[in-house]
Amino acid sequence: MDLTYTAADLAFRDGVRAFLDANLPSDLQKKVRNHLRLSRQDYVRWHQIVARQGWAAPAWPVEYGGTGWTPTQRHIWEEECARAGTPPILPFGVNMVAPVIMAFGNQAQKAHYLPRILNCDDWWCQGYSEPGSGSDLASLKTSAERVGEYYIVNGQKTWTTLAQHADMIFCLVRTDNTARKQEGISFLLIDMKSPGITVRPIVMLDEDHEVNEVFFDNVKVPVLNLIGQENKGWTYAKYLLGHERTGITAVGRSKRELLFLKKLASEHYKHGKPLMQDPVFAAKVASLEIDLMALETTVLRVITRESHAPGPEASMLKVRGSEIQQQLTELMVEALGPDALPFDTDYLEGKADHAVTGDDAGAPLTAYYFNFRKTSIYGGSNEIQKNIITQMILGL
Ligand SMILES: Cc1cc2nc3c(=O)[nH]c(=O)nc-3n(C[C@H](O)[C@H](O)[C@H](O)COP(=O)(O)OP(=O)(O)OC[C@H]3O[C@@H](n4cnc5c(N)ncnc54)[C@H](O)[C@@H]3O)c2cc1C
């Protein structure tokens with residue numbers, strides 16, 4: 001396999017770099033590179049800058065507003081965004097619900113939702129997990145009972161990322177209690193402003209409000225918001241999860257964080273010498289770098305074969321990607337020692353220009369470390385991914 005870029009790919013990369021140099025606002029770049037928290041407005045602002053360029057959904061078919069880029073060009077775009085330090089284009093709309101709408105939605109749903117997703121007119125969140133139904137998702141209980149031209153939805157979703165900002169939620173709901181559990185599930189699009197929806201924050205280990213509980217109390221949802229056929233939602237849900245797991249790998253961001261770690265370890269001293277010269281610490285960094293290079297090669301290998309929806313290899317990428325992301329945050333905290341201790345919420349949320357410790361690069365890192373414990377849980381826990389790998393790849 002040839003892993004070098006062609007001259008055309010390199011020219012494409014130069015074009016992307018020029019775009020990012022000219023269009024990435026420096027305040028957003030500073031927040032991302034320094035691990036500060038992004039507001040709703042930050043995400044939307046960047047999404048709409050990219051949308052104006054026509055690049056907000058590179059993987060979509062051109063007829064819906066995609067770019068027509070090759071898989072390698074899409075990879076270069078993601079790499080360059082990560083390298084520059086752009087806010088992410090959140091996956092819930094562009095990469096999760098949109099492919100489901102394209103594959104299983106009707107014409108009216110495509111015409112209404114896809115342009116709005118492309119331009120970030122609607123903020124989407126994902127209503128899959130429930131208390132007691134995470135790994136065992138098919139056991140979900142939130143019910144949707146059909147009454148005339150509406151479904152009446154009752155139940156609770158949990159861990160719903162950034163639902164406090166959302167205009168729309170895509171939900172798995174139970175429409176048949178008598179069938180085998182995978183066969184009684186439907187896929188509904190629900191307006192978050194509907195009467196009967198309550199969003200309650202869950203504050204995480206890093207003291208950030210990133211996830212929520214969402215309660216449904218007799219929420220009326222038009223039948224027109226059903227995707228595909230009633231009771232076929234499990235098929236659509238599985239289709240979506242493959243897309244979620246490939247996105248979580250985040251090799252580009254890990255490469256940027258590796259450079260950040262090396263800089264940090266060059267600027268912090270142990271026994272009078274930069275930590276990067278400590279053989280034990282340097283060996284840990286080198287080992288992580290090797291793992292990251294191996295993951296990158298695997299990603300490229302998967303990309304070159306990807307002419308279809310991602311298969312079980314997405315599980316492999318998710319496990320290794322999340323482990324590497326967590327190890328990076330562990331080494332950042334180890335490099336800083338006591339300087340990584342403070343939770344400086346004002347600085348993290350952009351209400352103060354500098355950290356109380358005076359170490360602007362170091363202060364957010366404990367919160368960042370705590371936040372990244374999530375990566376081995378969300379998108380299907382790593383234990384579940386390993387089950388998939390043993391069954392679908394190793395054939396055990
Ligand atoms: C930060 C964050 C954001 C999230 N965002 C969303 C969101 O936006 N929308 C959404 O729908 N969900 C979201 N989730 C939920 C996420 O998908 C679930 O947390 C995940 O699927 C695990 O489910 P659970 O938390 O119920 O744990 P459980 O399923 O109860 O698992 C508990 C532990 O048991 C292990 N385990 C369970 N079953 C098995 C098995 N068969 N074999 C081996 N080990 C097993 C798990 O790996 C885990 O370690 C988010 C979660 C987090 C942490």
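Predicted model: local features only at pLDDT ≥ 70, side-chain atom pairs only at ≥ 80, totals over all residues.
**Ground rules.** I number residues from 1 along each chain as its sequence is written, and side-chain values use heavy atoms, without hydrogens or water. Local features need pLDDT of at least 70 and side-chain atom pairs pLDDT 80 or more, while totals for chains, interfaces and linings use all residues.

**Domains.** I looked up the domain assignment first. It gives domain 1 (7–89), domain 2 (123–231) and domain 3 (249–394); such bounds come from an automatic or database assignment. I then took the centres of domain 1 and domain 2 over C-alpha atoms: they lie 30 Å apart. Four residues of domain 1 and seven residues of domain 2 make the contact (heavy atoms within 4.5 Å).

**Interface of domain 1 and domain 2.** The two bury about 470 Å² between them, 50% of it on carbon and sulfur atoms. Buried area here is the accessible area (1.4 Å probe) that two parts lose on being put together, summed over both.

**Ile190.** Ile190 sits in strand β5 (residues 185–191); strands are DSSP runs of E, at least two residues, and helices are runs of H or I, at least four, numbered from the N terminus. Buried or exposed? Ile190 counts as buried because its relative accessibility is 0% (buried is under 20%, exposed over 50%, partly exposed in between; 1.4 Å probe, protein chains only). Asn225 is 35 residues from Ile190 in sequence, yet 7.1 Å away in space, C-alpha to C-alpha.

**Positive phi.** Most residues other than glycine have a negative phi. I logged Leu162 at about 55 degrees. Leu162 lies in the loop between β3 (150–158) and β4 (168–174) and is buried, at 11% relative accessible area. Asn231 has a positive phi of about 70 degrees. Its place is the loop between β8 (226–227) and α7 (233–247).

**Leu394.** Leu394 follows α13 (382–393). Leu394 is exposed, because its relative accessible area is 53%.
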